Amino acid sequence: MKRILTALCGAFLMCLLSGCVQMGYYAQAMQGQMSLLASAKPIDTWLADPKVEDSLKTRLRQTREIRAFAARELGLPDNGSYKSYANLKRPYVMWNVVATPELSLKPVQWCFPIAGCVDYRGYYSREAAQAFADGLRAQGLDVRVSGVPAYSTLGWFDDPVLSTFIDYPEAEIARLVFHELAHQVAYAPGDSQCNESFATAVEEVGVARWLERHGDEAMRERYRQYRQRKEDFLTLLSSHRRQLDENFSRQAPDAEKRARKQQIFEAMKHDYEVMKAGRWGGYAGYDRWFAGDMSNAHFALAATYHDLVPAFRGMYAKLDDFGRFYSGVKSLA
């Protein structure tokens, strides 16, 4: 959700010179980023404050250990990122808007200087994201708005630990920190699938190593269940995405494709409820994904984050060294 902030300063200046119609968008993004940084304080400052709750201090100490592990054991950048903390007093740091044509799973892209073209557009205000989404829907596009707990500025700024994810289970905080730091290692402008799949591969390898060194049996079991449910969900998603692809590519009237599209959506919802009640024992963590009307945009980013992960995992396994792995990915980027 997320990398476009790397381009904000240069893009904003370009807009000032050219009368860019996206001035308002860049302005809200710059204001949001600056507000976030202004609210961040070093973790040591929070730990020294007697008014800070012990539960938060415990989380911050854990995150500080995770951050040190990322640099020491995974070769991720040892800079100022994730060494401060910001309490944002809202559920997400940003809201991403994803859109596709009505009869296609190919996401609409928005292009920016430096960051290239990306498959989403981020807003610091949920209301602003919804307003933009409504405009896209009026154009006949399928649209989804989703909250983002964290993003990377690719090393342009010192990204802080955020209140939007500090209460996650420890292994999931590690996953998120490893993922976002990986974006500082290698970034291919305009290739969201390469960038996100690489970062997902780093998080998976990193969390496995973190749990091996620091996890207890209960923590490993919780993360194993998390991973299993995630794999189940992705399998479900992939199956129905394949059906949608087949539907959209066949020779048939658009009205027939629309009807089949809704049938696929309803079948997926049914299959999810069966899986939730049976295999997952009632676990409802993915209910939010199904809330409201489904659209093609729900499926658009799944491939971005996951389809190339096996290739990157295989590349790491072959090299068996983070330094050589990162060098290889930089060459690809």
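**A walk through the structure**

Let's begin at an exposed spot: Ala-138 has a relative accessible area of 70%, so this residue counts as exposed. Keep in mind as you look around that this is a predicted model. Ala-138 belongs to helix α5, which covers residues 126-138.

Next, hop over to Leu-47, which sits in helix α3 (residues 43-48). Is Leu-47 buried or exposed? Its relative accessibility is 14%, and buried means under 20%, so Leu-47 counts as buried. Who does Leu-47 touch, once you skip residues up to four places away in sequence? The list is Lys-57, Leu-60, Arg-61 and Arg-64. Ala-70 comes 23 residues away from Leu-47 along the chain, and the C-alpha atoms of this pair are 21 Å apart.

Now for some strands. Strand β3 runs over residues 94-100, and seven of its seven residues are buried.

What does β3 pair with? Backbone hydrogen bonds are what link the strands of a sheet, in either a parallel or an antiparallel arrangement. One partner of β3 is strand β7 (residues 142-148), joined in the antiparallel sense over seven bridges. If you want a landmark here, look for Met-94, which stands opposite Val-148 in β7. Another partner is strand β6 (residues 121-123), also antiparallel, with three bridges to β3. There, Asn-96 has Gly-122 as its bridge partner.

Elsewhere you can trace an open sheet of three strands, in the order β1-β2-β8, with mixed pairing. Its edge strands are β1 (41-42) and β8 (161-162), each of which pairs on one side only. Strand β2 (residues 84-86) pairs with β8 in the parallel sense over two bridges. In that pairing, Tyr-85 stands opposite Val-161.

Time to look inside. How many cavities of 30 Å³ or more does the structure hold? There is one, and the largest cavity has a volume of about 60 Å³. Its lining is made up of Leu-36, Tyr-82, Val-93, Ala-150, Tyr-151, Asp-159, Pro-160, Leu-162 and Phe-165. Sorted by class, that gives eight nonpolar residues, no polar ones and one charged one.

Val-93, one of the lining residues, also turns up in the largest nonpolar core, which has 57 residues. Which members of this core touch the most other members? They are Leu-76, Val-93, Phe-178, Phe-198, Phe-325 and Tyr-326. Take Tyr-326 and leave aside its neighbours within four places in sequence: you'll find Tyr-326 in contact with Leu-74, Gly-75, Leu-76, Val-185, Phe-198 and Val-202. Apart from this core lies another one, of 23 residues, including Tyr-26, Tyr-92, Tyr-123 and Ala-297.

Terms used
Residues are numbered from 1 along each chain as its sequence is written. This is a predicted model: local features need pLDDT of at least 70, side-chain atom pairs count only at pLDDT 80 or more; totals for chains, interfaces and linings use all residues. Side-chain values use heavy atoms; hydrogens and water are left out. Buried means under 20% relative accessible area, exposed over 50%, partly exposed in between (1.4 Å probe, protein chains only). Helices (H or I, at least four residues) and strands (E, at least two) are DSSP runs, numbered from the N terminus. Two strands pair if DSSP finds at least two bridges between them. On a 1 Å grid over the protein atoms alone, a cavity is a set of points where a 1.4 Å probe fits but cannot get out, and a pocket is an open set with protein on both sides within 12 Å along at least five of seven lines; lining residues have an atom within 4 Å of a point. Grid points are joined across faces, edges and corners, and a volume is the space filled by probe spheres set on the points. Ala, Val, Leu, Ile, Met, Phe, Trp, Tyr, Cys and Pro count as nonpolar, Asp, Glu, Lys and Arg as charged, and the others, Gly among them, as polar. A nonpolar core is a set of buried Ala, Val, Leu, Ile, Met, Phe, Trp, Tyr and Cys residues joined through side-chain atoms within 4.5 Å. Contact means heavy atoms within 4.5 Å.
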